[in-house]
Each structure stands twice: as structure tokens, then as C-alpha cells.
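Me: I want to go through the labels on this fold one by one. Take me from each term to the value behind it.

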Amino acid sequence: MVPELAGRAHVATIGPVIRRALDAAGLDASAPALSGIAVTSGPGLIGSLLVGLSTAKALALAWELPFVGVNHLEGHLFAPLLESSDLSWPIMTLLVSGGHSLIVLQRGPGEHEVLGETIDDAAGEAYDKVARWLGLGYPGGPEIDRLAQQGSPDALRLPVSMIGDDFDLSFSGLKTAVVRATQQHHEVALADVAASFQAALAEQLLRKLRHALERYEVAGLALAGGVAANSKLRIEVGELAREFGLELHLPTMAMCTDNAAMIAAAGVYRLAASGPSALNLSARPNWQLADVS
Ligand code: KG4
Ligand code: ZN
């Protein structure tokens, strides 16, 4: 991704996208009946964040609405819960996207403790890098997921990294192991490589998640982020929830990937809990979930 091009694309598209959303919701574009404007203020690329922030402030001023800055990862935490009513807390969440991979204990809405996170690549990043190595397109996750369903997970012996007593994750070693194994074993079919990689990655995630469930008593289990679209992960997280007798919160496909509904949901909560943000709020490109309160 080229940061400057992403920022310029935001400038070009944000106005028309907002207009289309207002039309689709049947709202009057000169004075929409809304209770506030929520916007991602971090983490992310500075140029794109500034375009969103400036637009949100301008709309809040013009429409005389409260304005609130939201953490992108807190948005992801809300995504799988949006379609569930009657939530029981606490909820253990595995948040796996192209930029982040965390295990988060949510004691209530907006009350979260980061138990562990990746020390190198994110899970989605590993999918994308392995896909590029195998000559597949971007994003790599959906293509590897599809291929893996026709392959054997036992074709390649790959390491399951970081089996320690903590809740941290690591995917960089797995990616390197796939590169090495495919260099040594040219004969292994692409589908078998995809299935072996996916099995090793899912095994690490599931082992760490199980470890967290053994340590902390919770009522629900949620999967969030772009990699929550993964078919194997959805099945295995579902089985884990059944085994531990937990409410399962699996996002629909539209709620897995980045979307504005999850930012609105987090915004509703933040507005009620802490009130509007100041209009001089700045972008925080490296804003950690652990620093959100
Ligand atoms: O949450 P997201 O849309 O964007 C970020 O905030 O990063 O996540 C995108 C990531 C990409 O790395 C993509 O390869 C991965 O989600 N992804 C998948 C699947 N669908 C998307 N990974 C594994 N299996 C999938 N089916
Ligand atoms: Zn995201």
C-alpha cells in the first residue's frame, strides 16, 4: 500500500461515499436525524486518518452534532456483537486482521484487557505474505482458504510457534518455514501447501485461545477482524465455544472486514460513556487498544 495514494483516494471518495450512505439510509443530507458523528482517529495511516477526522469534524460542525473519535480496534471488538442481542459478559475475543492479532478479555462494552498479541506479523499479514510467495493474488486470505479446502493439512511439516505459557502470538517463523519447505519440496501441490499453512496457523490461534479460556472464566467467545472470515477458524472457534459451553459470536462476512458500522457502534458506546471528543482531537497512528479508556 502506498500511504500517499491511500490518503488521496480517501479525499476523492469520502464525500460521495457519505452521500450514498445517507441516501441508502433515507436521511436528509442537509440535516440528517443522527445522534452523533463517529470517526476512526487511530491506529492507521496518518494521511487517511486525517481525511476522515477533518471530514467528521466538518460534518459535526455543519449539522451541530456531537463528534467522537474511536479506536479502530475497539470498533473491531464491537463488530461480532452488533448482531447479537442479550449479550452475556465477559467475552473472550480473538481479533485477527491484516494489521493486528490480539487475544482480548472484554469484561463489558468498552472494558477490555489485552491478554496477548503478535510479537511480529499479524495473522492476515502472514496469509498475504505466504500468498504472494505462492504467486496468488492480494488479499491472500480468501484464496488460501479456498485452496486449503482441497488440500491435505499433513502434506508439509510446519512448526506451531510460541507454545509458551503466555498469550502472545507469532507468525513470522511459520511464514519462513513455508518458504523453506516449498523450496525443498517442489513436488507438493499448491492446495497441500495452503492446507498445511492454514492448519499450523489455526492450531497456534486455537491453542492460545484455549489457554486463555482455561485461565479466565467467561460467558462468551467472539471472533473479529478480516481473518474471522476464514472457514477453518470459524468452525474451530465454534467447536471451542461448544466445548466450554460459551455463547458464540461469529461476525457475518460484512462485519469481518473493515466497516463503518463497527465504528458507529463503538462511537455510540464512547459518546454515552465519556461524552464527545474535543474538536482539536488529532490522529493517533499508533494508538494501542491497551491505551483506550
Ligand atoms: O480487518 P481487515 O479487513 O483489514 C485490516 O484492518 O487489516 O483484514 C484484512 C485481512 C487480510 O490480510 C486478508 O488476507 C484477511 O483479512 N482475510 C482472510 C480471509 N478473508 C480475509 N484470511 C484468512 N481467510 C479468509 N477467508
Ligand atoms: Zn481493521
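Me: Which residue of S2 is the bridge partner of Ile 37?

Reply: This is a predicted model. In it, Ile 37 has Phe 67 of S2 as its bridge partner.

Me: What makes S1 and S2 a pair?

Reply: Pairing needs at least two bridges. Strand S1 (residues 37-42) and S2 are joined by five bridges and run parallel, so they count as paired. With helix H2 (residues 46-63), S1 and S2 make a right-handed β-α-β unit.

Me: How do you know that S2 is mostly covered?

Reply: Five of the five residues in S2 (residues 67-71) are buried. Buried means under 20% relative accessible area. Phe 67, Gly 69 and Asn 71 lie on one side, Val 68 and Val 70 on the other, and both faces are covered. In a regular strand, side chains alternate between the two faces of the sheet.

Me: Why is H5 called roughly perpendicular to H7?

Reply: Helix H5 (residues 140-148) and helix H7 (residues 190-215) pack at about 110°, axes 7 Å apart. The label covers 65 to 115 degrees, so H5 is roughly perpendicular to H7. Residues making the contact include Ile 144 and Leu 147 of H5 and Phe 197 of H7. The contact residues divide into eight nonpolar, one polar and one charged.

Me: Why is H4 called roughly perpendicular to H5?

Reply: The axes of helix H4 (residues 123-133) and H5 cross at roughly 70° and come within 8 Å. That angle falls in the 65 to 115 range, so the label holds. Among the contact residues are Tyr 127 of H4 and Ile 144 of H5.

How values were computed
Residues numbered from 1 in each chain as written. Chains lettered and ligands numbered in written order. Predicted model: local features only at pLDDT ≥ 70, side-chain atom pairs only at ≥ 80, totals over all residues. Heavy atoms only, no water. Axes fitted to C-alpha atoms, helices over the stretch in contact; angles between N-to-C directions. Helix = DSSP H or I, 4+ residues; strand = E, 2+ residues; numbered from the N terminus. Parallel < 35°, antiparallel > 145°, perpendicular 65-115°, else oblique. Contact = heavy atoms within 4.5 Å. Nonpolar A, V, L, I, M, F, W, Y, C, P; charged D, E, K, R; others polar. Buried < 20%, exposed > 50% of the residue type's maximum accessible area, 1.4 Å probe, protein only. Right-handed = clockwise from strand over helix to strand, strands pointing away.
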